[in-house]
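Hi,

Here is the structure I promised to pass on.

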Amino acid sequence: MAAQRAYTTHPLVLRRLTVRRVHEVTPRMRRVVLGGEDLAAFTRDGIGRPAFSAPGFDDHIKLILAADGDIHAALPAQLPHGIEWTPAEHRLTRDYTPRRVDLQKGELHLDFVVHGEGPAETWSAAAREGDELWFVGPKSSLRLPERLDWMLLVGDETALPAIGRFLDERPLDATAHVLVTVSDDSARQELALRDGDTITWVVAEPGDAAALDAAVRALPVPTGEGYAWAAAESRALLPVRRYLQRERKLPKDRLNITGYWHREEATAPEGEGTADNGAAARGPADGRVPSPLPWLVTRAALLLGVVDAVADAPGLPVGALATRLGMPGPGIDVLLPLLAAYDVVVGADDGTGLRLGPAGEELLDDHEREEYTGHEAELLLALTHLAPALRNGTSPWRLASGTTLHDTVTHDAERYGELVEECEQLVFLLDGLTADPLWEDVGTCLLTGPGSASVVAALDDAGRRPRLRIAEDATPATVLRGQVPAPERIDWTAGPADVAVAAKALAYRTDQEATLLLTRLTDWTRTAVLVEASRPDGLSPHAAEAALHAYGATGSPLRDSAAIAALAKRSGWDVGRTIALGWGAEATVLHRA
């Protein structure tokens with residue numbers, strides 16, 4: 001059965017509003033009411049923009065601020081269909097959930113936790129009538145299951161806007177069980193509870209993981225079909241995630257847990273999200289290059305099963321752990337002191353048995369562990385061959401594995417599946433492609449590449465209904481069949497088409513392999529579209545590393561528009577035009593020479 005997307009995408013539009021009024025909801029929460037013409041459909045630079053839409057109770061908009069006060073230098077570029085986050089040294093962004101959206105009055109309500117120290121809370125403290133605020137989003141809205149008996153809403157003060165909006169609007173008819181941790185009783189708010197709903201207020205310091213975990217565990221377990229939503233400090237949610245996933249056995253499609261803030265960034269939460277000024281990741285304060293040892297040790301712990309074993313049996317003695325894992329004693333004795341030093345485990349030396357430390361709790365999240373064991377981790381390991389690869393003009397991956405990355409993923413369903421998962425973000429960027437006039441005369445579309453599932457979804461969202469074919473080798477085709485909506489409507493064989501779309505198909509191919517693919521496409525169509533990341537994402541703190549990661553995979557730096565055009569010309573294509581999609585991605589339209 002095809003995996004169904006649990007969100008609805010929205011066009012990404014840069015909007016400007018001004019402050020209409022400010023008032024204190026509680027001594028701990030300040031509400032800023034914004035308004036302006038940009039909430040309705042409007043025209044800027046000669047291009048019409050749709051009205052603001054945020055139907056989900058936990059939708060996020062990205063506030064844009066400037067550390068140096070020059071907001072216009074911090075703004076992203078508005079594309080005809082999307083946003084391009086150009087580099088901006090002093091840009092700061094924060095994600096916030098609207099507390100209320102009133103399009104009839106043209107108003108948007110945002111709540112800010114007071115007594116934080118971040119830029120958004122500082123802005124809200126100084127906000128006066130007429131002040132402007134720029135934002136982008138939301139890019140998507142969560143779709144809840146249609147039939148639920150109960151809804152669990154867990155959070156700290158930063159989650160109150162989303163929880164309050166859910167209770168006000170009731171997107172589904174289900175009993176609500178609410179748990180909120182607050183730093184002081186004065187932070188409690190009047191919420192729109194119904195008969196049968198429950199609410200639990202817990203006074204605890206911001207980010208207190210133990211208090212949040214204990215409070216969630218103390219809640220009665222409802223009967224029937226339910227859904228759990230939680231938002232708070234990211235590390236404080238780790239034991240909650242572990243409890244709901246591993247002990248309550250809630251499936252992934254009935255669980256949404258989001259870290260709204262990070263303790264290390266501020267002494268108190270100011271809202272949601274983290275700062276991001278688009279700069280490259282910086283080294284440590286002492287100027288020394290960091291050691292790879294913690295990463296390697298953590299990777300070994302995951303591959304050996306140490307983290308899962310300790311999670312499943314807290315208090316496990318060292319000897320019992322070694323027996324469970326089938327490891328000799330000297331091996332575990334070498335590993336555990338380092339794992340304890342890195343906070344992956346605790347209790348290695350005190351005789352109380354092993355438990356997961358804060359870093360170990362984080363590794364229970366699938367996305368966190370992918371950094372150490374997934375496809376990106378394998379690419380990182382291949383960079384140990386970077387020096388000879390640069391000297392020989394080949395890819396580090398080929399030197400490390402003896403074959404190209406394309407050959408590897410073509411025969412490995414798990415690896416190809418990771419590429420497909422990485423391409424899920426494409427669905428937010430493809431409005432510019434699906435709105436292009438090239439689709440007006442298209443009856444058949446041929447797709448290839450791990451981003452094919454996202455292209456199918458984007459075409460569906462845009463109301464485009466060409467006949468679809470997918471041209472892939474057996475293993476990638478099997479993976480895509482499990483990801484595209486309604487796979488039975490797709491012809492899974494290559495053949496003639498009015499247009500072909502290669503979605504992230506070049507990103508894991510060498511220049512020679514890319515040329516071969518593009519040449520094959522000339523047998524099937526006279527028009528092709530290449531969807532690729534052609535420059536670093538200006539919002540990413542790791543933009544400077546993008547070229548190196550690309551080189552590690554293919555032996556070529558991140559291919560810009562000129563490099564893609566050169567490959568196309570070599571393969572018998574002329575470049576018609578490029579469509580900017582945003583976030584560093586472009587769609588290059590080719591015609592047969």
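Predicted model: local features only at pLDDT ≥ 70, side-chain atom pairs only at ≥ 80, totals over all residues.

**The whole chain**

The chain contains 22 helices and 26 strands. If you are setting up a box, the C-alpha atoms fill roughly 70 × 70 × 50 Å along the principal axes.

Of the 593 residues, 53% are buried. Take the contacts between residues at least 6 apart in sequence: 72% of them join residues at least 24 apart. The accessible surface is about 25,900 Å², and carbon and sulfur atoms account for 51% of that.

On charges, I get 59 positive and 86 negative side chains. The centres of those two sets are 4 Å apart.

**Helix H20**

Which residues of H20 are buried? In this helix, which spans residues 511–521, they are Glu513, Ala514, Thr515, Leu517, Leu518 and Leu521. Keep the helix geometry in mind when you look at that list: with 3.6 residues a turn, an α-helix has residues three or four places apart pointing the same way. The cover over the buried residues of H20 comes from both helices and strands. It includes helices H15 (405–410) and H22 (561–570), along with strands E21 (444–448), E23 (499–503), E24 (527–533) and E25 (573–582).

Glu157 sits in the loop between strand E14 (150–155) and helix H3 (160–169). Is that residue buried or exposed? Glu157 has a relative accessible area of 5%, so it counts as buried. Its side chain reaches the backbone nitrogen of Ser183 at 2.8 Å. Ser183 is also one of the residues that Glu157 touches beyond four places in sequence, and the others are Arg28, Met29, Val113, Thr181, Val182 and Ala187.

Glu586 is in strand E26 (residues 585–592). Its relative accessibility is 9%, and because the cut-off for buried is under 20%, Glu586 counts as buried. What does the side chain of Glu586 make a polar contact with? The partner is the side chain of Ser561, at 2.6 Å. Setting aside residues up to four places away, Glu586 touches Ser561 as well as Leu530, Val531, Glu532, Ser534, Arg535, Ile579, Ala580 and Leu581.

Glu37 belongs to the loop between strands E3 (29–35) and E4 (42–44). With 68% relative accessibility, Glu37 counts as exposed.

**Val25**

Val25 lies in strand E2 (residues 14–26). At a relative accessible area of 29%, Val25 is partly exposed. Which residues is Val25 in contact with, leaving aside neighbours within four places in sequence? They are Arg31, Asp111 and Gln189. Val25 and Gln189 are 164 residues apart along the chain, with their C-alpha atoms separated by 7.8 Å.

That's the lot from me, so over to you.

Cheers

Methods. Residues numbered from 1 in each chain as written. Heavy atoms only, no water. Helix = DSSP H or I, 4+ residues; strand = E, 2+ residues; numbered from the N terminus. Buried < 20%, exposed > 50% of the residue type's maximum accessible area, 1.4 Å probe, protein only. Contact = heavy atoms within 4.5 Å. Areas by Shrake-Rupley, 256 points an atom, 1.4 Å probe, with all protein chains shown as cover. Lys, Arg positive; Asp, Glu negative; His and termini not counted. Charge placed at Lys NZ, Arg CZ, Asp CG, Glu CD. Polar contact = N/O pair within 3.5 Å; in protein donor to acceptor, adjacent residues only side chain to side chain.
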